[in-house]
Amino acid sequence: MVDDIALLQATSDGIAADGTTRIVLRWETVGEAVGYRLRRRTPGGPSIVLGGADPIRLPQSARELRTVVSPGTEEWNTLARVLTAAQSPSPADPTVLVDPAAVFDRGLTAFERASLQAASQADLTIGRVDGRAFIDTGITAGEAYLYDLL
């Protein structure tokens, strides 16, 4: 089925002195999927599951959110700005950012969820929070890798 096919985009980063690099992977939502598994392998080599035992997905609580983004970082503040802008009908004071942890603990509104999905197209941090991006670190520059999104 066409709905079962997702475009997986990969972009490599600069090369560190030790020969490692990282690859940023992004994908679109497939049908009604709520989480994804990502595997990497070298041609002819075994597959390695990336992202841990659980599927890569939108966090369901502040605890889960903190495994993707650390409080107080610029990434956290980016998320706070997106969630503040999503306050309906409008934020009481747009200069005071909402606490992403509180939002994720109470559960996202439909508009907050839609705002995250829209923002994830332009911002890697939001894409990671939204469960549609992953950063694969420790990749050896010049090596070929194949990725599967399940």
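Residues are counted as buried when their relative accessible area is under 20%, as exposed when it is over 50%, and as partly exposed in between, with a 1.4 Å probe and protein chains only. By this criterion, 35% of the 150 residues of the protein count as buried. The structure is a predicted model, in which local features need a pLDDT of at least 70 and side-chain atom pairs count only at pLDDT 80 or more, whereas totals for chains, interfaces and linings use all residues. Residues are numbered from 1 along each chain as its sequence is written, and side-chain values use heavy atoms, with hydrogens and water left out.

The C-alpha atoms of the protein fill a box of roughly 55 × 45 × 25 Å, taken along the principal axes. Secondary structure was assigned from DSSP runs numbered from the N terminus, helices being H or I runs of at least four residues and strands being E runs of at least two. The protein has five helices and eight strands, and along the sequence these follow the pattern β-β-β-β-β-β-α-α-α-α-α-β-β.

Strands were taken to pair if DSSP finds at least two bridges between them. In general, strands of a sheet pair through backbone hydrogen bonds, in either a parallel or an antiparallel arrangement.

Strand β4 (residues 38-41) runs antiparallel to β8 and is joined to it by four bridges, with R40 standing opposite Y147 in β8.

Aromatic contacts were defined for rings of Phe, Tyr and Trp (its six-membered ring) with centres within 6.5 Å, planes under 30 degrees apart counting as stacked, over 60 as edge-to-face and the rest as tilted. A search of the whole structure finds one aromatic pair. This pair is formed by W27 and Y36 in an edge-to-face arrangement, at 5.9 Å centre to centre and with 65° between the planes. Residue W27 is buried, with a relative accessible area of 3%, and Y36 is buried as well, with a value of 5%.

Pockets were located on a 1 Å grid over the protein atoms alone, a pocket being an open set of points where a 1.4 Å probe fits, with protein on both sides within 12 Å along at least five of seven lines, and lining residues having an atom within 4 Å of a point. The largest pocket has a volume of about 440 Å³, volume being the space filled by probe spheres set on the points. Of the 14 residues that line the largest pocket, G51, P55, I56, T67 and V68 are the closest to its centre. Elements giving two or more residues to this lining are β6 (56-57), α1 (62-65) and β7, and the largest share, three residues, comes from β7. The lining divides into seven nonpolar, two polar and five charged residues, where Ala, Val, Leu, Ile, Met, Phe, Trp, Tyr, Cys and Pro count as nonpolar, Asp, Glu, Lys and Arg as charged, and the others, Gly among them, as polar.

About 280 Å³ of space lies in the second largest pocket. Of the 20 residues that line the second largest pocket, V34, L58, Q60, R113 and D130 are the closest to its centre.
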